[in-house]
Amino acid sequence: MKLRLLFTIFIVLLGAVLIYQKEKAPSGSLEDGQNARVEKEATQGNQEADRKGLIQQELPSLPKAPGAKPIEPKKEVSAPAPLRVTTPPPTPEPTPEPGPVSGLTQSGIILQTNLQRQENSIGFLKENVILNAMAGKKADDMCEKQYFAHTSPSGVGSGDLADSFGYDYLSVGENLALGSFTSDQVVVEAWMNSPGHRANILNSRFTEIGVGVTRCVFEGRSTWLAVQHFGKPVSDCPRPDAALSRSIDENKLELADMRDKLVVLKSEIEASDPDTDPDYNTKVETYNLLVKEYNNLIGETRTIISRYNNQIAAFNTCASN
């Protein structure tokens, strides 16, 4: 009897435990369902973020134009007062037998001039055929028109002469001498004893020389006329590369066109709905690729501008020295 009663109590308690576990199980299933919904929502959010392309690039400012410009070289002319060496009329003597005639030569005067520069630690002057032609023209013109001055009776000076011969210069100088010089050394020494002419001979700015000499009857006497032309040509100072300037202008036009396209494309992207526009991601990708090209071209243009500015600075320094 007692055994039957205990067995009945055990069965009742076992049923209560089973009922409790059954009631608890749905609660655990609800939590799993909530977690599943949260994970699903997160996955959908990531997919939506992936589906919506992102504008990854911003437009930088356009590169600035070159910061300087080549200066327009100021042409300089150095022309000290003409050197006239007078000598008393010679005592008449019997006519000598014909022989070598001493006097002045183009090559000899150039040599003596460079020797003077060498003694003063200044670089040699390079002989220039145009300056030689100019100096020869000047000497002949003075003899023909019987004047001894840097400016001809018609108003032509050494700068005008250089322009007419096509000598593109930054600086030119002119030394004139008239007299009965017996050698190239004598006439150069006479110029060196005159402050203005000496300054031209020893001017380190000059890099080229031309000489003209002629013997003619001047003011009724047979005499020598000597002309030195000094020059610093524009070619001594290489001008900035015109091709770089053209590249800068062309790149700026291309950059302006690309920027206009990017502005329009960005506006279209911002006005589009990524959920309804099937081309949204394509537009974003196109925009980002174009911005990358735009930035690369800006970098290239800035490099060219830097090179061009350096060339301008070098030219301006050379032209002003």
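Cys 143 and Cys 216 form a disulfide, with their sulfur atoms 2.2 Å apart; a disulfide here is a pair of cysteine sulfur atoms within 2.5 Å. Cys 143 lies in helix α3 (residues 129-145) and Cys 216 in strand β5, so the bond ties together parts that are 73 residues apart in sequence. Both Cys 143 and Cys 216 are buried, where buried means under 20% relative accessible area, exposed over 50%, and partly exposed in between (1.4 Å probe, protein chains only).

The model is predicted: local features need pLDDT of at least 70, side-chain atom pairs count only at pLDDT 80 or more, and totals for chains, interfaces and linings use all residues. Residues are numbered from 1 along each chain as its sequence is written, and side-chain values use heavy atoms, with hydrogens and water left out.

**Disulfides**

The count comes to 2 disulfides. In the other pair, Cys 237 and Cys 318 have sulfur atoms 1.8 Å apart. This pair links distant parts of the chain, with Cys 237 in the loop between β6 and α7 and Cys 318 in helix α8, 81 residues apart. The torsion about the S-S bond of Cys 237 and Cys 318 is about -70°, so this disulfide is left-handed. Cys 237 has a relative accessible area of 1% and is therefore buried. With bonded cysteines counted along the chain, the pattern is 1-2, 3-4.

**Chain overview**

The chain has 8 helices and 6 strands. Helices (H or I, at least four residues) and strands (E, at least two) are DSSP runs, numbered from the N terminus. From the N terminus on, the elements run α-β-β-α-β-α-α-β-α-α-β-β-α-α. Of the 321 residues, 35% count as buried. Among contacts (heavy atoms within 4.5 Å) between residues at least 6 apart in sequence, 81% join residues at least 24 apart. The chain exposes about 19,700 Å², of which carbon and sulfur atoms supply 55%; accessible areas come from the Shrake-Rupley method with a 1.4 Å probe, and for residues only the protein chains shown count as cover.

The expected span of a helix is 1.5 Å times one less than its number of residues. The table sets out both helices.

| Helix | Residues in helix | End-to-end C-alpha distance | Expected span |
|---|---|---|---|
| α7 | 30 residues | 44 Å | 44 Å |

Asn 128 caps the N-terminal end of α3, with a side-chain oxygen 2.8 Å from the backbone nitrogen of Ile 130. Such a polar contact is a pair of N or O atoms within 3.5 Å; within protein, one must be able to donate a hydrogen and the other to accept it, and residues adjacent in sequence count only if both atoms are side-chain atoms. After α3 comes Gln 146, with a positive phi near 55°. The buried residues of α3 include Leu 131, Met 134, Lys 138, Asp 141 and Cys 143. Their cover includes α2, β3 (126-127), α4 (158-164), β4 (169-179), β5 and β6.

Asp 241 caps the N-terminal end of α7 (residues 242-271). Here a side-chain oxygen lies 2.9 Å from the backbone nitrogen of Ala 243. The buried residues of α7 pack against α8 (280-320); among them are Leu 244, Ile 248, Asn 251 and Ile 269. Asn 251 has 9% relative accessibility and so counts as buried. Leaving out residues up to four places away in sequence, Asn 251 touches Leu 297, Glu 300, Thr 301 and Ile 304. Val 263, also in α7, is partly exposed, with a relative accessible area of 43%. Val 263 and Tyr 287 are 24 residues apart in sequence and 9.4 Å apart in space, C-alpha to C-alpha.

**Nonpolar cores**

A nonpolar core is a set of buried Ala, Val, Leu, Ile, Met, Phe, Trp, Tyr and Cys residues joined through side-chain atoms within 4.5 Å. The largest has 21 residues, and those with the most contacts inside it are Leu 104, Ile 109, Phe 181, Val 187, Trp 191 and Ala 226. At least two residues of this core come from each of α2 (106-119), α5 (184-192), β5 (208-218) and β6 (221-233). Helix α5 supplies the largest share, 5 residues. Leu 104 touches residues including Ile 109, Phe 181, Val 187, Val 213, Trp 224 and Ala 226, not counting residues up to four places away in sequence. Apart from this core lies another, of 13 residues, among them Leu 255, Leu 265, Tyr 287 and Tyr 294.
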